[in-house]
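Work through the exercises below with the sequence and the model side by side, and try each task before reading its solution.

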Amino acid sequence: MSILPIVTYNDPVLRKRAEPVESDSQELQQLIDDMFETMYNGQGVGLAAPQIGRSIRLFVIDADAFTEDDEQAEDVGPLVFINPDVKPANQDTVLLDEGCLSIPGIRESVSRPEVIQVSYLDRNFKEQKRAFTGWVSRVIQHEFDHIDGILFIDYLGSFRKRMLKSRLNAIHAGEAEAAYPVASKEKTDSATA
Ligand code: NI
């Protein structure tokens, strides 16, 4: 397994609608293992394929670290989602803090549906249909957005966005301070220039 560099705001791959995964392969299974290792190394609870530069509809989560102090929380362990479909189960929404390995150092409150219905293929390409709530639901919705080219900061009001502008520009300019490897186009360019 290897730790892959994480692409940061505002790499164009994070803004693309990712393509469906067509078939299983040894390469795909290796990629899934690498994504878990990359996610754990970054102390993340979810990682989507576009974040490591692959525009395919795949993400991994492990929200257990998030939920271990919460006795009500569902203990779901590591999960792989291939070609998922996510729908709100009802009208209820909840406000929770989010961060993103591609936007290091920024956390903001975002309102999203509380309970979701998810259809997906697991890593064995077995069809699954499952409801999720709480933190796990939140992490899945955040990662699902990634494969549609959406970032959590897109949900912020214009005032919050203006407040964050200089920090986002700094990340975009390759000045992201992260405790894990990041891939920055600008940094690569200046290093080779
Ligand atoms: Ni993210």
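**Exercise 1. Identify which element gives the largest share of the lining of the largest pocket, and how many residues it gives.**

Solution. Begin with the definition: on a 1 Å grid over the protein atoms alone, a pocket is an open set of points where a 1.4 Å probe fits, with protein on both sides within 12 Å along at least five of seven lines, and lining residues have an atom within 4 Å of a point. The largest share of the lining comes from α3, with 6 residues; helices are DSSP runs of H or I with at least four residues and strands are runs of E with at least two, numbered from the N terminus. The lining consists of 24 residues, and those nearest the centre of the pocket are Gly44, Gly99, Cys100, Leu101 and Arg107. The elements that give two or more residues to this lining are β5 and α3. The pocket has a volume of about 440 Å³, where the volume is the space filled by probe spheres set on grid points joined across faces, edges and corners.

Before going on, note that this is a predicted model, in which local features need pLDDT of at least 70 and side-chain atom pairs count only at pLDDT 80 or more, while totals for chains, interfaces and linings use all residues. Residues are numbered from 1 along each chain as its sequence is written, and side-chain values use heavy atoms, with hydrogens and water left out.

**Exercise 2. Determine which residues coordinate the nickel ion, and where the donors lie in the chain.**

Solution. Donors are N, O and S atoms within 2.8 Å of the metal (3.2 Å for Na, K and Ca), and water is not among the atoms, so sites may look incomplete. By this rule the nickel ion is coordinated by Cys100 through SG and by His142 and His146 through NE2, at 2.1 to 2.2 Å. The donor residues follow the spacing C-x41-H-x3-H in sequence. Cysteine 100 sits in the loop between β5 (93-98) and β6 (108-113), whereas histidine 142 belongs to helix α3 (residues 134-146), so that distant parts of the chain, 42 residues apart, are linked. As for burial (buried means under 20% relative accessible area, exposed over 50%, partly exposed in between, with a 1.4 Å probe and protein chains only), cysteine 100 counts as buried because its relative accessibility is 11%, and histidine 142 counts as buried because its value is 7%.

**Exercise 3. Classify the ring pairs that phenylalanine 81 forms with phenylalanine 59 and phenylalanine 132.**

Solution. Rings of Phe, Tyr and Trp (its six-membered ring) pair if their centres lie within 6.5 Å; planes under 30 degrees apart count as stacked, over 60 as edge-to-face and the rest as tilted. The count comes to 4 aromatic pairs. Phenylalanine 59 and phenylalanine 81 are stacked, at 4.8 Å centre to centre and with 25 degrees between the planes; this pair links strand β3 (residues 58-61) with strand β4 (residues 79-88), across 22 residues. The rings of phenylalanine 81 and phenylalanine 132 are edge-to-face, because their centres are 6.0 Å apart and their planes stand at 65 degrees. Phenylalanine 132 lies in strand β8 (residues 127-132) and phenylalanine 81 in strand β4, so this pair ties together parts 51 residues apart in sequence. Phenylalanine 59 and phenylalanine 81 are buried, and phenylalanine 132 is buried too. Ring pairs join Phe59, Phe81, Tyr120 and Phe132 into a cluster.
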